[in-house]
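I opened the notebook to record what I looked up in this structure. The entries follow the order in which I checked things.

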Amino acid sequence: MDSIESKRITKNLLFIKDNITQLEKIMDKLIEDDCLGMDERADILSAKRTDKQCHKLLDILLKRGGNSYTSFLEALELSGNHHVATRIQHKDLQKDDISFQQQKEDTFTVNTKVEFEEAEVLQLYEEKEMYLERVKELEVSCTLLQNENFLKEHRIEKLKQDVRLLKQNVQQKYDEIDNVDETCVEHLRKLDEVEAQCKTLEEENAHLQIVQRNLQETISDKEVTMKNLNQEREFYKKQMNILQGELRQLQNESAEKDARIQTLNEQIRELKIDLQNTRQAMDKMATDSRVAMEQLKTDHGNRFNQLDNKLDCVLKMLKCSKMGDGNLLKSADVNKNTRKQSIGSHKSENRPSTNASKTKPGTNRNQKI
């Protein structure tokens, strides 16, 4: 880049920084034209603010030779920065020749500051990469801890359910023990009463002692029976558990049957709707057939009436002209009478058919019901 081109960019430095957009597209176009490298692009994008990114890009382009100026203008045009490109191209440089030397010194100081800031940015970028790696490691450890916590919570819930079941079983056993204690207390109370009676009756006679011995023997028998009852109670408890399992199976089967019944009810509803639709269609067909038959009747009646009128006209003409024979007139009258009879018979035949068509849907309904 020659001195005039670089001067055009430096004279419009603030305008470029304030108005430039789509900086990444501009850099991609410069990379395509071999005016910028991928490492330089990453270095430019490492800056957080857009004005610093633009300053780094312009610094690289000012130091770069070749067609960097023209490719920069083309990149501005392609990225939608037409106003920036026109400002750079039409800038008046004659007014600014006096302060050119001063601007060189300013650019040198700016470059030194930029290099210092670039070193700081690189250091911050390396620290950022370290922190990102540390964050990734922490995220992985967090996910592992979350999975472990989820498994532990699941195990805790399972253990809580087991504890609830055990508490229920223990409560049932406590209830059973309370029942047994009540029976034992009753028996002990009876024994105390018997002992009291025995103490009062010890002095009476030996017969009462024999009775006391018999009572002791009965008590021992009762204890034996109590043991037998406890064994039977354990047996019945096992049987109750078995019956509860069977009851659960029956409940599951009943639920499945209820679902099947529900589906069958839905199918029955659909069949009823189809039956009602077919009945309506049959009624409509019957009404349409009746209307068609009545229309045919009226058409045939009109045609026969027209033929009768024509025959009457012909007969009148024959009578008037006296050209007709008597036999011919008689045959015409006979044909007319037979036609009327045929019309009457046709009407009588059609009437029962319509009645039958009316009664058929009803009979079908009764049969289906």
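I took helices (H or I, at least four residues) and strands (E, at least two) as DSSP runs, numbered from the N terminus. The model is predicted, so I noted that local features need pLDDT of at least 70, side-chain atom pairs count only at pLDDT 80 or more, and totals for chains, interfaces and linings use all residues. Residues are numbered from 1 along each chain as its sequence is written, and side-chain values use heavy atoms, with hydrogens and water left out.

Entry: the whole chain. I counted 10 helices and 0 strands. Buried means under 20% relative accessible area, exposed over 50%, and partly exposed in between (1.4 Å probe, protein chains only). By that rule, 17% of the 369 residues are buried.

Entry: helix H5. I found 14 residues in H5, at residues 50-63. From first C-alpha to last, H5 reaches 20 Å, close to the 20 Å expected at 1.5 Å a residue. That expected span is 1.5 Å times one less than the number of residues. Among the buried residues of H5 I listed Cys54, Leu57, Leu58 and Leu61.

Entry: helix H8. Val170 lies in H8, which covers residues 100-201. Is Val170 buried, exposed or partly exposed? I put Val170 down as partly exposed because its relative accessibility is 38%.

Entry: a surface patch. I noted that Val170, Tyr174 and Ile177 form a nonpolar patch with about 280 Å² of accessible area together. Nonpolar side chains (Val, Leu, Ile, Met, Phe, Trp, Tyr) are joined within 5 Å, like charges within 9 Å. Accessible areas come from the Shrake-Rupley method with a 1.4 Å probe, and for residues only the protein chains shown count as cover.

How values were computed:
Patches are made of residues with over 30% relative accessible area and no salt bridge: like charges are joined within 9 Å, nonpolar side chains (Val, Leu, Ile, Met, Phe, Trp, Tyr) within 5 Å. A salt bridge is a side-chain nitrogen of Lys or Arg within 4 Å of a carboxyl oxygen of Asp or Glu.
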